[in-house]
Amino acid sequence: MASIPDKELSDLLRASREQAGLSQSQVAKMLDYQRTTISEIEDGRRKVTAEELGRVADIYGVTTEWLLGRPTPKDSMPPSLLLAARELGKLQKSDLDK
């Protein structure tokens, strides 16, 4: 089974946090970590354990499968496209029509 590159995972973690509207400090507080730990994870300088990945996925409102780049049958789009779709879902109908 192929694994997701560390850089891609750290990028998805950062993008997911930003899409959730959370700062590194807020996430750190939720996880009882230092903000620098979140920064190190998002910069790819610190590995994420399976337990941490699960906790982060819950906070960000995504699945661990999604963060790992493993689409489920329900989620067959690439993660970057899903993030874009999530953002589009926040727009008003009148804005989407434009």
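Begin by selecting D32, the residue that follows helix α2; its phi is positive, near 60 degrees. The model on display is a predicted one.

Next, select α2 itself, residues 24-31, and show the side chains of Q24, V27, A28 and L31, which are buried. Turn the view to look down the axis of α2: the buried residues fall within an arc of 100 degrees, so they line one face of the helix.

Keep α2 and α4 in view. Two packed helices are described by the angle between their axes and the distance between the axes. For α2 and α4, the angle is about 125 degrees and the axes are 11 Å apart. The crossing in which α2 passes α4 is right-handed. Which residues form this meeting of α2 and α4? Select V27, M30 and L31 on the α2 side, then R55, V56, I59 and Y60 on the α4 side.

Now move to helix α1 and select R17. Is R17 buried or exposed? Its relative accessibility is 8%, so R17 counts as buried. Display the side chain of E42 as well: the side chains of R17 and E42 make a polar contact at 2.5 Å.

Finally, show the other residues in contact with R17, leaving aside its neighbours within four places in sequence. Besides E42, R17 is in contact with L22, S23, Q24, V27 and Y60. Of these, Q24 and V27 are among the buried residues of α2, while Y60 belongs to the α4 side of the α2 and α4 contact.

Methods
Residues numbered from 1 in each chain as written. Predicted model: local features only at pLDDT ≥ 70, side-chain atom pairs only at ≥ 80, totals over all residues. Heavy atoms only, no water. Buried < 20%, exposed > 50% of the residue type's maximum accessible area, 1.4 Å probe, protein only. Helix = DSSP H or I, 4+ residues; strand = E, 2+ residues; numbered from the N terminus. Arc of directions from axis to C-beta. Polar contact = N/O pair within 3.5 Å; in protein donor to acceptor, adjacent residues only side chain to side chain. Contact = heavy atoms within 4.5 Å. Axes fitted to C-alpha atoms, helices over the stretch in contact; angles between N-to-C directions. Left-handed = near helix turned anticlockwise from the far one by under 90°.
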